[in-house]
Amino acid sequence: MTSLDGLAPAAALFHSLADPVRLSIVQRLVYGEARVVDLTRELGLAQSTVSKHLACLRGCKLVDYRAEGRQSFYFIAAPDLLDLLRSAERLLAATDRAVDLCPSMH
């Protein structure tokens, strides 16, 4: 059995994806790289909000960027994240999205 301390990295991973803004950024990047300006326009968010959440995702090494001139193009840095998202979608479907109704989660 894993100790609570041993579970901290996994908890931090799920916490990093628990924010709807960060999850929307990740979901958008699944379709290809994007600049901050692209993300702000497509997701309807402020530039400061997108930048803050990208910094969090970069800190977790889930997202990275490549520079091209003065522009930065963000992309999914951990391909296994795509598998995790697909698994989450299957789990949500299998549980009939019961997590939405889970009173202890709200």
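A: Before anything else, a contact here means heavy atoms within 4.5 Å. This is a predicted model. Among contacts between residues at least 6 apart in sequence, 46% join residues at least 24 apart.

Q: How many helices and strands are in the chain?
A: The chain has 5 helices and 2 strands. Their order along the sequence is α-α-α-α-β-β-α.

Q: What box do the C-alpha atoms fill?
A: Roughly 50 × 30 × 25 Å, along the principal axes.

Q: And what share of the 106 residues is buried?
A: Buried residues account for 23%.

Q: On to the largest nonpolar core. Which residues have the most contacts inside it?
A: Ile25, Val26, Leu29, Leu39, Leu54 and Leu81, in a core of 17 residues. Two or more residues each come from α2, α3, α4, β2 and α5.

Q: Which element gives the most?
A: α2, with 4 residues.

Q: Then stay on α2. Which of its residues are buried?
A: Val21, Arg22, Ile25, Val26, Arg28 and Leu29. Down the axis of α2 they fall within an arc of 160 degrees, so they line one face of the helix.

Q: What do they pack against?
A: Helices α1, α3, α4 and α5, plus strands β1 and β2.

Q: Take Ile25. What is it in contact with, leaving aside neighbours within four places?
A: Leu39, Leu43, Val50, His53, Leu54 and Leu57.

Q: What happens at the start of α2?
A: A side-chain oxygen of Asp19 comes to within 2.7 Å of the backbone nitrogen of Val21.

Definitions and conventions:
Residues numbered from 1 in each chain as written. Predicted model: local features only at pLDDT ≥ 70, side-chain atom pairs only at ≥ 80, totals over all residues. Heavy atoms only, no water. Core = buried A, V, L, I, M, F, W, Y, C linked by side-chain atoms within 4.5 Å. Buried < 20%, exposed > 50% of the residue type's maximum accessible area, 1.4 Å probe, protein only. Arc of directions from axis to C-beta. Polar contact = N/O pair within 3.5 Å; in protein donor to acceptor, adjacent residues only side chain to side chain.
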